Amino acid sequence: MADGMINLTIDGAPVTVPAGTLVIEAAKQAGVLVPHYCYHPGLPVAGVCRMCLVEIEKAPKLAIACATTVTEGMVVKTQTAPAKDARQGVLEFLLINHPLDCPICDQAGECELQDFVFQEGRSGTRYAEFAKRFNPVEEFGPDVLYVPNRCILCTRCVRYMEDVAQEPVLNVSERGDRAFIGIHPDARLDHPWAGNVVDLCPVGSLLSKDFLHKARAWELDKTASICTGCSQGCSITLDTRDEVVVRVRPRPNLDVNRYFICDHGRSHYRWMNRGDRIEAPLVKKDGALHATDWDEAFARVLSILRGASGKAVALVSPGASTEALAAAKQLLAGFQWTGAFQVVMGEEAPLPGVPNLALRAERAPNGKGAENVGYTREYQAALEAAKSAAVVLVLDDPDCPVQTNGALIYLGTVLGNDAPCRLADVVLPIANVAEEEGTFTNRDGREQRYFQAKPAPGMAQPAAWVLEQMAKAMGTARVGAGTA
Amino acid sequence: MGFPHKPHAKETVVLSQYFGDADARTLKGWTKRGGYAALAQALKMDPAQVTEVVKESGLRGRGGAGFPTGLKWSFMPKEKKKAHYLCVNADESEPGTFKDREIMRWTPHALLEGTAIAAHAIRAEVAYIYIRGEFTEPWTIMTRALEEANAAGVFGSIKVYLHRGAGAYICGEETALMNSIEGKRGNPRIKPPFPAAAGLFGLPTTINNVETLAAVPHILNRGAAWYKGLCLSNPKSTGTKLFSVCGNVARPGNYEVVLGFPFKDFLYDLCGGPPQGRKFKAIIPGGSSVPILNREETEQTLLDYEGCVATGSMLGSGGVIVFDDTADMVYQIMRLARFYAHESCAQCTQCREGTAWTTKIMERILAGQGKTTDLDLLLDLSENMTGKTICVLSDSCAAPIVSGIKKFRGEFEAYLAGKRQPVMAG
């Protein structure tokens with residue numbers, strides 16, 4: 001066996017893991033989920049909930065899987081009577097002060113207390129006739145509510161704020177069964193990464209005001225996506241309910257964002273549900289735009305491109321997929337091409353506890369991808385060049401102040417009343433990030449795929465598909481393109 | 001013991017020799033009585049040699065666990081790469097225990113001397129003496145003694161600091177005490193790592209009880225063989241031990257006897273037996289955290305680590321709590337449970353919720369509203385609270401419940417059957 005590897009047995013299954021691995025992690029490899037609350041792989045070990053008690057052969061008493069490191073030949077049993085009894089005992093203790101208000105609790109359906117009680121808890125309580133602990137709901141920060149009655153004091157939020165966000169504004173206040181999560185009297189939970197405490201909370205004690213009573217967990221469809229909030233490229237899950245994005249949550253990605261996303265990214269989804277979308281291709285007839293079908297729109301674009309020569313300028317969004325950006329360049333392959341994008345900049349907000357993780361100043365997901373394809377940041381120069389270009393293509397850049405004497409083709413999701421693109425010869429409706437599949441390249445050059453979470457409205461199609469169809473018809477498409 | 005009683009003939013006064021002697025509190029008075037000779041001698045010895053002497057003496061920790069002191073010292077890294085710390089646990093909060101308080105009140109220099117010797121033995125530059133917050137008089141006396149000792153430079157290069165607790169029982173748990181010194185909430189830490197590997201500020205640390213360290217100068221002065229010879233029963237329990245006696249007893253107070261002393265003689269001869277016209281009913285031999293003994297068990301017990309275990313309890317800290325036949329055991333046990341519920345640090349689920357639930361059931365029984373299933377429920381909860389948490393606070397709450405129900409079930413049942421006048425304990 002390789003050096004530094006440890007062999008052990010968990011519930012009869014042999015596993016080999018690196019030395020220093022915790023039993024609870026080794027168990028995952030054996031396909032065993034040891035119930036737990038305080039343990040979280042992204043936080044320092046606390047060992048306080050005592051839920052992950054397991055039996056280890058030759059150990060004098062039950063051990064917590066989250067704070068026990070593997071040893072060679074260790075035999076771990078999670079399903080023996082003493083281990084199950086101990087965990088049932090913990091569940092009973094956790095429930096005596098926990099309200100059974102699951103029907104009105106946002107966490108219901110994705111609550112670890114519900115899950116494990118259902119799995120191995122008692123069917124009835126023995127805490128009859130005593131009042132449960134009661135404390136009023138508290139507002140911790142701009143988006144976080146604390147419901148102390150549901151709190152099981154796992155301290156994940158406290159440890160997150162202390163060790164990961166490194167702004168220790170939360171603590172455990174009081175002792176014994178009077179304990180609750182306290183916030184510094186002069187502080188608010190307004191760290192740019194504070195929202196993660198809501199995801200970390202295993203029960204419905206820390207809630208997002210944004211998601212409050214918005215949907216039940218079991219109504220949500222979950223789609224793997226990449227955050228468009230900045231150039232960091234955090235892995236996220238888009239939660240949709242009835243084809244509306246209602247929540248953004250972090251998706252674990254140890255190389256980029258570990259288990260976290262920032263509050264900017266978390267709240268950066270409403271635009272995906274905009275109602276004022278372009279739903280059909282528009283072509284200019286008699287000085288005004290008229291709705292039409294894709295065939296006529298394509299024919300118009302092709303006739304423009306075939307009848308033009310010389311300079312072409314592409315003004316693109318750094319939020320477009322790499323596929324769309326490449327296809328847009330390919331479509332204009334016969335021209336003297338200039339491509340540029342501009343990025344909205346904001347303040348950088350790092351998460352101190354995770355190396356190389358921050359809300360980046362560059363508030364767009366695919367600047368790097370655009371550069372790789374050949375677009376530059378010389379946006380002003382490109383705007384200038386557009387004035388005398390034969391063809392100008394604007395891709396998903398609705399506020400682009402474009403002016404041109406040539407033909408203007410606009411691919412976008414929206415078209416404002418005063419938008420310069422109103423002057424376009426052709427307007428093609430495209431899908432937004434939640435409605436298509438594509439690739440972004442983050443600031444570190446990492447190419448990441450995102451998937452379709454909901455259908456595009458009307459006749460809108462993914463930009464990459466639209467552009468590749470036209471490039472094929474023009475004969476400029478590369479071999480193998482157009483399969484998206 | 002010297003104070004407030006005259007020593008009984010059967011006592012062996014070593015630590016308590018100067019209790020009541022105010023002159024022994026001063027550096028001058030202490031030196032006149034032979035103080036700081038052991039420290040001077042120790043500082044000339046190799047640290048490993050000092051540890052060896054203490055190991056040889058058989059001295060065991062007097063805080064409750066009874067771990068061999070020399071062995072504990074020898075766990076410190078052999079090769080010193082980082083700073084070492086010594087912590088002195090003077091957070092004596094165990095209900096029924098008040099021996100360290102008297103050591104600090106009357107012989108502060110004995111503790112300081114023992115502290116410096118131990119610091120030398122474990123090669124610690126700095127020693128912290130963590131004194132219980134409520135100990136105002138010991139605090140003043142220790143502060144004065146430390147000032148005197150520092151002014152006289154008796155510690156050499158060792159720095160000794162006093163740190164005052166803020167009143168949490170749990171800070172007497174060794175790792176909670178370290179967290180408290182570090183300025184954090186006094187929560188016990190998961191072990192391993194043990195303090196000798198990563199203790200105070202993450203550095204190798206040894207922590208000893210006040211009484212343990214106060215015995216060390218005597219061992220160096222008179223030799224390990226002398227100390228080892230102080231033994232009446234099991235050779236693993238050597239030396240003298242202070243017992244704090246309180247409750248229904250004719251002469252409460254601190255008594256110092258050689259380990260292995262018969263409990264029966266201790267209670268009847270030294271402490272004068274029960275108050276007139278009464279009989280002993282139950283005894284807690286080692287502070288509130290250990291199982292309760294009934295009279296028969298007590299009278300067979302020998303007062304040493306093994307002797308108390310043999311009759312089903314523990315020597316613990318030596319805080320003897322005595323109940324006579326007028327005591328209501330259900331009420332007494334409820335008070336103990338309430339104490340632990342109040343002092344639980346709230347980290348571990350079983351302790352946070354279990355101690356409070358246990359207390360509520362005990363109060364319900366006392367109020368005459370108990371259910372027939374309550375005793376089984378208490379025992380089941382106690383089982384869930386034993387051996388499953390970071391520290392032993394929840395075990396300590398369970399111990400008197402389990403032993404109480406086992407030995408005094410009749411009293412519980414009398415409440416349950418409505419044969420006893422309800423007590424409103426709230």
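Modeller: Domain bounds come from an automatic or database domain assignment. On that basis chain A is divided into domain 1 (5-90), domain 2 (129-273) and domain 3 (282-474). Residues are numbered from 1 along each chain as its sequence is written, while chains are lettered from A and ligands numbered from 1 in the order in which they are written. This is a predicted model, in which local features need pLDDT of at least 70 and side-chain atom pairs count only at pLDDT 80 or more, whereas totals for chains, interfaces and linings use all residues.

Biologist: What is the mean pLDDT of chain A?

Modeller: pLDDT is the predictor's confidence in each residue, from 0 to 100. For chain A the mean is 95, and 98% of the residues reach 70 or more. Chain B also has an average of 95, with 99% of its residues scoring at least 70. For the complex, the predictor gives an ipTM of 0.94 and a pTM of 0.94.

Biologist: Where in chain A does pLDDT stay under 50?

Modeller: That happens over residues 480-484 of chain A. A contact between two residues requires their C-beta atoms, placed from the backbone, to lie within 7 Å. The model has 13 such contacts beyond four places in sequence for residues 480-484 of chain A.

Biologist: What separates the centres of domain 1 and domain 3 of chain A?

Modeller: Taken over C-alpha atoms, those two centres are 52 Å apart. Chain B is also divided: domain 1 (22-229), domain 2 (245-324) and domain 3 (329-416). There, the centres of domain 1 and domain 3 of chain B are separated by 34 Å. The contact involves 10 residues from domain 1 of chain B and seven residues from domain 3 of chain B. To sort residues by class, Ala, Val, Leu, Ile, Met, Phe, Trp, Tyr, Cys and Pro count as nonpolar, Asp, Glu, Lys and Arg as charged, and the others, Gly among them, as polar. On the domain 1 side of chain B, the residues that touch domain 3 of chain B are seven nonpolar, two polar and one charged.

Biologist: How many helices and strands are there in chain B?

Modeller: Helices (H or I, at least four residues) and strands (E, at least two) are DSSP runs, numbered from the N terminus. Chain B has 18 helices and 11 strands. The radius of gyration is taken over C-alpha atoms, and the globule rule is 2.2 Å times the number of residues to the power 0.38. For chain B the radius is 22 Å, close to the 22 Å that the rule gives for 426 residues, so chain B is as compact as a globular protein of that length. Along the principal axes, the C-alpha atoms of chain B fill a box of roughly 70 × 45 × 35 Å.

Biologist: Which helices of chain B each supply at least two residues of the side that touches chain A?

Modeller: The contact itself joins 25 residues of chain B to 24 residues of chain A. Helix H14 (329-343), helix H15 (349-366) and helix H16 (374-384) of chain B each supply at least two residues of that side of chain B. H15(B) gives the largest share, nine residues. By class, the side of chain B that touches chain A has nine nonpolar, 10 polar and six charged residues.

Biologist: At what angle do the axes of H3 and H9 of chain B cross?

Modeller: Axes are lines fitted to C-alpha atoms, for helices over the stretch in contact, and angles run from 0 to 180 degrees between N-to-C directions. Helix H3 (residues 47-57) and helix H9 (residues 210-222) of chain B have axes that come within 10 Å and cross at roughly 95°. Angles under 35 degrees count as roughly parallel, over 145 as roughly antiparallel, 65 to 115 as roughly perpendicular and the rest as oblique. H3(B) is therefore roughly perpendicular to H9(B). B:Val53, B:Val54 and B:Ser57 of H3(B) meet B:Val216, B:Ile219 and B:Leu220 of H9(B). These residues are five nonpolar, one polar and no charged.

Biologist: At what angle do H3 and H6 of chain B pack?

Modeller: H3(B) packs with helix H6 (residues 108-121) of chain B at about 120°, with the axes 7 Å apart. The two helices H3(B) and H6(B) are therefore oblique to each other. Here B:Pro47, B:Val50 and B:Thr51 of H3(B) are in contact with B:Ile117, B:His120 and B:Ala121 of H6(B).
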